[in-house]
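Please study the sequence and the structure shown here before reading on.

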Amino acid sequence: MKIPVSISLSTYLAYCKQDDNCEPQRKLKSENFEWDANHPKSLSSICVEKLSENWVGSPKLDELIAKDRDVFLQILNTNVPLQILVDNIKNDVFWKRCYYSKWNDSLFTAEQKPWINLFMERFYADVLEKMNPKEYDPEKAKQLVKLCGPYVQSLIIKSLVPSDIPVQRITSPEMAELLTCRRQSEPKTTKNIHQLNRDHISLHAALGSLTNLTELHITYQLSSVGENYRRDQFQFINNDAKNLASGLEKCNLLKVLRITRSDMNCQRVKYILRGLSDNVNLETLDFSHCKIGDDGVSFVAKFISKHDKLRNLILADNMFGPDGGENIAHVLNHTCCGLRTLDLRLNNKLGSDGIAHIAVSLARGCNLTSLNISACGIKPGPLQKSPAGVWSALNAENHPTCGDILARAIGLVKTPLRSLDISVNNIGSPSDITLSNAICLSYLIDINLKRSGMSSMAMAIAETAAAAQRLRREAEKGIRFRRSAGRVVQARRVAKGMNIDADPILLAQQLSARPSIVSVTSEEGTYSIQTQPLPTDFGFVPALKSPLPSSRTSSITAVSTSRRSSHHVILEPVKEVRRTALVRRRSDGSLLQHRDINSQRHIKIYISNEDE
């Protein structure tokens, strides 16, 4: 065997297309594939070539010796019927060659799968994408599923071919509602009579027999339209949703479901969630770039309350408003809610009122670790109505702003939230200062404040606090962390006698206590800001859900005295380290004197006003 697998085109051009005068002294040229062209072939090689030309499954590969088997798999034509290849060949190198002979694009996979699985998943998806509904044969579909089904674990369908179903051919009102998703109360007009609706292939049989399917990503649209473009070519009708739901009922091992960039409204979401009602393994639900309204979000909220294993919910770029945000916020505090990641970006209709409900749910004990509310229409003005669960200590008619509620939600209560994205909003002043102070008091390690409407000073303080918190966490893991985040050029913790290259465990202990003074240095000068507790002009009413009862007064039910006195103990707090117990050394290893109790810790921030 000359080479086990094919080489890339760039390698071939780099070595095989060189001038003959290049490296004249080199005698051994491994890139010359015809070095043995004049050598007579052995009898065994000729037999293997003849077998590969007419092979239909016999003889079996086990009957060949290892050397001849490798040569046979290298020269075997990949156009042999798929049924024969699946039944006889399990070699990973051969299936890799089959994959790249059929598709030239590079493959990027996070998990290691056998190449036969990758080939079957791509092949099955291509068949479904190119299948015309008019030529759909259920029997052939069952045979294809029987062949590819055992190897399909992840299915990505990027487009589906629609068919024309004239409305005037339908005589039954029930069938009209099934295929055209028209409401019975909608008046019949001349325009509706001649309108064509597009139906796709039924995925009931295509998905029902995929017993090993764990991930499904489907998009109801066309990848290429051509000259015959029509708007109804991108429809996703009720009949499609019902067929998809029927197929999902049998996918008991499904963990990830993504239906994106489709014309999916509230009614179709209801059908799909109904098909997933018996699934107990679902972990990720993604309905991004659809047309889900407030009613659809209420169906999603009910679904979350009954599936405690669901961890990730993505509803980016939809059409729901504050009412939908309130439904999501309500289910976040449900006892059976296990969500850890919530992505609501690009929902401009949510506004400040909808995000305020989410902020209240954070303060009342939800389990979120990552929240993305980028481009959700947050404004600096006061709310039209205070969300449920907020009480004011001053005046009930004086409604707070969304930024104030969000600041107190992450600053007064010890939540498990570690990642927050509030970019492309308008927090405004003075809420930005309050929010930056709250981030200094929180455990956030990853924040995105780009174009958030916050001042450069507030952004620098918040980003440096998150960078310092990330430094502490990385030091605990034994990883030295020196880079900063966002627009901050340099962010470092300045503690007397602390060496950044010291023992990681000792460094983590030295960074366990938060600083009391933040020094900000910019082109305008140096400013020292004292971090103080957040104002207590309003607080949060506790939710019915309480993971562990606390004998102490909760900081969300009364005036907050310390952010560590929260009832929310989903994550264990970092134990405080006594300063007198720390052993600090210089870079040369000599001991330092113990720090005075009244000494202060600083964070120095250097801000660059240059445009990036």
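Phe236 counts as buried, because its relative accessibility is 1%; buried means under 20% relative accessible area, exposed over 50% and partly exposed in between, with a 1.4 Å probe and protein chains only. The model is predicted, so local features need pLDDT of at least 70 and side-chain atom pairs count only at pLDDT 80 or more, while totals for chains, interfaces and linings use all residues. Residues are numbered from 1 along each chain as its sequence is written, and side-chain values use heavy atoms, leaving out hydrogens and water.

The structure holds ten aromatic pairs. Rings of Phe, Tyr and Trp (its six-membered ring) pair if their centres lie within 6.5 Å; planes under 30 degrees apart count as stacked, over 60 as edge-to-face and the rest as tilted. Two of the pairs are listed below.

| Pair | Centre to centre | Angle between planes | Type |
|---|---|---|---|
| Phe94 and Trp95 | 5.8 Å | 75 degrees | edge-to-face |
| Tyr220 and Phe236 | 4.2 Å | 25 degrees | stacked |

Tyr220 and Phe236 both lie in the loop between strand 4 (215-218) and helix 11 (238-248), so their pair ties together parts that are 16 residues apart in sequence. Helices (H or I, at least four residues) and strands (E, at least two) are DSSP runs, numbered from the N terminus. Tyr220 is buried, at 2% relative accessible area. Phe94 is buried at 1% relative accessibility, and Trp95 is buried at 0%.

Helix 15 is mostly covered, with twelve of its 13 residues buried, among them His357 and Leu362. Gly365 follows helix 15 and has a positive phi, near 110 degrees.
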